[in-house]
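I set out to record which charged pairs and which helix contacts could be looked up in this structure. The entries below are kept in the order of the search.

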Amino acid sequence: MSLTQSRPRALPLAVAESQPRWTARLWAVLAVLCLVLFLDGLDVSMVGVALPSIGHDLGMATGSLQWIINGYVLGYGGLMLLGGRTADLLGRRRVFLIALAVFAAASLLGGLVDSGSLLIATRFVKGVAAAFTAPAGLSILTTTFPEGPQRNRALSVFSLFGALGYSSGLILGGLLTGIGWRWTFLMPVPLALLALVVGLILIPRDRRTETGGQDPAGAITLTAGMLLAVYAVVTAPQTGWTSAATLAAFGVAALLLIAFVLIEQRVRHPLVRFGILRKATTVRANLSIVALMGSYLSFQFMMTLFLQDGLGWSPLRMAFALLPVGLIVAVGSPLTGRLVNRFGTAPLIITSMTSLTLGYVWFLTTAGPAPSYPLAMLPSLILLGGGFAFGYSAIMAQATEGIDDSEQGLASGLVQTSGQVGAALVLAVLTAVIAQAGDSGGDFNAFRPGLNLVTGVAVIGLLLNLVPVLRLRRRSAAR
């Protein structure tokens with residue numbers, strides 16, 4: 001998904017009405033930033049709907065199709081911290097507009113290529129572009145709108161568009177895939193170009209906010225290590241888990257990730273200061289986002305293939321079937337800030353993980369080769385939508401709790417990176433599990449091991465947050 005922040009308390013009506021009105025220019029700048037975030041959410045869900053059609057047209061197996069998702073996710077997650085740092089060093093406006101132009105060009109190429117490998121490459125480039133537009137766009141927003149009610153209002157509108165993009169992408173993906181899957185890549189191009197032109201005219205020029213250096217070695221070793229680790233997991237069922245090629249890939253991936261850790265400890269301007277992970281709640285939030293995004297992204301990947309390839313549903317019918325999740329996220333997300341203020345992050349995250357776990361368990365136990373939508377699928381989707389809507393923002397808030405103002409950006413970027421990279425790894429493992437079980441063209445039994453996996457990931461996320469709370473209560477009761 002996209003960069004969001006937890007919502008502040010609602011303002012009294014009299015106070016809200018006393019705030020200065022925004023000019024047309026301010027609204028236009030906010031519209032540009034919202035449109036780019038909307039495209040980010042749109043891209044994730046819209047392309048997901050088109051996966052079966054892409055596989056049939058380009059002759060791509062399940063293991064290859066997952067790279068269309070993971071190529072984007074790894075490019076996005078692996079370079080997001082570098083993107084934020086680059087925006088500070090070179091200027092937010094410049095980085096935002098250049099990355100947006102690259103996003104538009106990669107979208108255009110993705111709709112024109114006839115090779116699965118080239119398509120995956122364009123997806124990776126789009127992910128890299130998003131890794132620069134997301135933090136730069138958020139920085140433009142926070143520096144354009146003054147702290148307080150104006151910024152809070154802008155953040156609320158901004159975050160809502162990410163959820164709306166995801167919901168709209170399901171329906172647009174179904175409609176456009178019915179015409180041809182290439183339109184799911186081409187449709188964002190004019191919108192991105194519109195945002196680029198308006199941004200060039202209206203986004204105010206800014207100066208560099210930081211001096212210092214970059215950490216390209218850290219960014220390269222992290223991204224390359226994760227890409228190679230995912231590649232090793234995905235190809236292991238075909239080459240053998242103990243084959244020389246698989247062991248070599250895992251070995252090189254491990255060396256690259258070790259090199260990343262060593263670089264971060266020695267470089268003058270590291271992407272990640274590991275001391276921030278000494279705080280237990282920060283570590284828990286980063287692991288929780290892996291459980292949340294990893295389980296749901298993998299579940300949606302399976303459902304896309306199962307409903308279209310296994311049950312023969314049209315892309316549009318499948319999109320409407322999954323739409324409840326997007327609608328619940330869009331409606332529920334604006335409420336999360338108030339719930340966090342009232343109950344705290346821990347209870348909300350536990351509730352979220354419980355809802356996710358129940359959603360997966362319900363589908364696993366009630367579905368079958370021909371599941372009933374109202375009895376098996378809809379209850380699961382409602383539980384998953386509620387879990388995602390209330391868990392995502394609560395995890396974001398927990399990740400930055402008690403963190404010094406000077407490292408708020410690092411904490412926020414780190415949890416976003418963990419979510420993207422973690423989701424890619426879970427999806428890679430899922431693909432390997434499905435391949436090991438025997439991918440029989442969308443048969444439900446082939447997906448059952450994958451359902452067991454995502455359920456297990458959600459259970460781990462639940463226990464990760466539940467156990468510390470229970471221990472704390474036992475200690476309090478003992479006193």
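**Entry 1. Basis.** I worked on a predicted model, in which local features need pLDDT of at least 70 and side-chain atom pairs count only at pLDDT 80 or more, while totals for chains, interfaces and linings use all residues. Residues are numbered from 1 along each chain as its sequence is written, and side-chain values use heavy atoms, with hydrogens and water left out.

**Entry 2. Salt bridges.** I searched the whole structure and found three salt bridges (a side-chain nitrogen of Lys or Arg within 4 Å of a carboxyl oxygen of Asp or Glu). I noted Asp-43 with Arg-123, at 2.4 Å from N to O. Asp-43 lies in helix H2 (residues 24-58) and Arg-123 in helix H5 (residues 116-144), so this pair ties together parts 80 residues apart in sequence. Helices here are DSSP runs of H or I with at least four residues, numbered from the N terminus. I then noted Asp-43 with Lys-126, at 2.5 Å from N to O. Lys-126 is in H5 and Asp-43 in H2, so the pair ties together parts 83 residues apart in sequence. I checked burial (under 20% relative accessible area is buried, over 50% exposed, in between partly exposed; 1.4 Å probe, protein chains only). Asp-43 and Arg-123 are buried, and Lys-126 is buried as well.

I found Arg-182 in a salt bridge with Asp-114, the closest N and O atoms being 2.4 Å apart. Arg-182 sits in the loop between helix H6 (149-179) and helix H7 (183-186), and Asp-114 in the loop between helix H4 (92-110) and H5, 68 residues apart. Arg-182 counts as partly exposed at 22% relative accessibility, and Asp-114 counts as exposed at 62%. Salt bridges with shared partners join Asp-43, Arg-123 and Lys-126 into one network.

**Entry 3. Pro-369.** I located Pro-369 in the loop between helix H13 (345-366) and helix H14 (373-400). Pro-369 is exposed, its relative accessible area being 59%. Which residues does Pro-369 contact, leaving aside neighbours within four places in sequence? They are Phe-306, Leu-311 and Phe-444, contact meaning heavy atoms within 4.5 Å.

**Entry 4. H11 and H12.** I compared helix H11 (residues 280-310) with helix H12 (residues 315-343): their axes come within 10 Å and cross at roughly 150 degrees. Axes are lines fitted to C-alpha atoms, for helices over the stretch in contact, and angles run from 0 to 180 degrees between N-to-C directions. H11 and H12 are therefore roughly antiparallel (an angle over 145 degrees). H11 passes H12 in a right-handed crossing (the near helix turned clockwise from the far one by less than a right angle; anticlockwise is left-handed). Residues of H11 including Tyr-296, Met-303 and Leu-307 meet residues of H12, among them Met-318 and Leu-322.

**Entry 5. H11 and H14.** I found H11 and H14 packed at about 150 degrees, with axes 10 Å apart. This pair is therefore roughly antiparallel, and the crossing of H11 and H14 is left-handed. Among the residues in contact are Ala-285, Leu-292 and Phe-299 of H11, and Leu-384, Gly-387 and Ile-395 of H14.

Notes. Helix = DSSP H or I, 4+ residues; strand = E, 2+ residues; numbered from the N terminus. Parallel < 35°, antiparallel > 145°, perpendicular 65-115°, else oblique.
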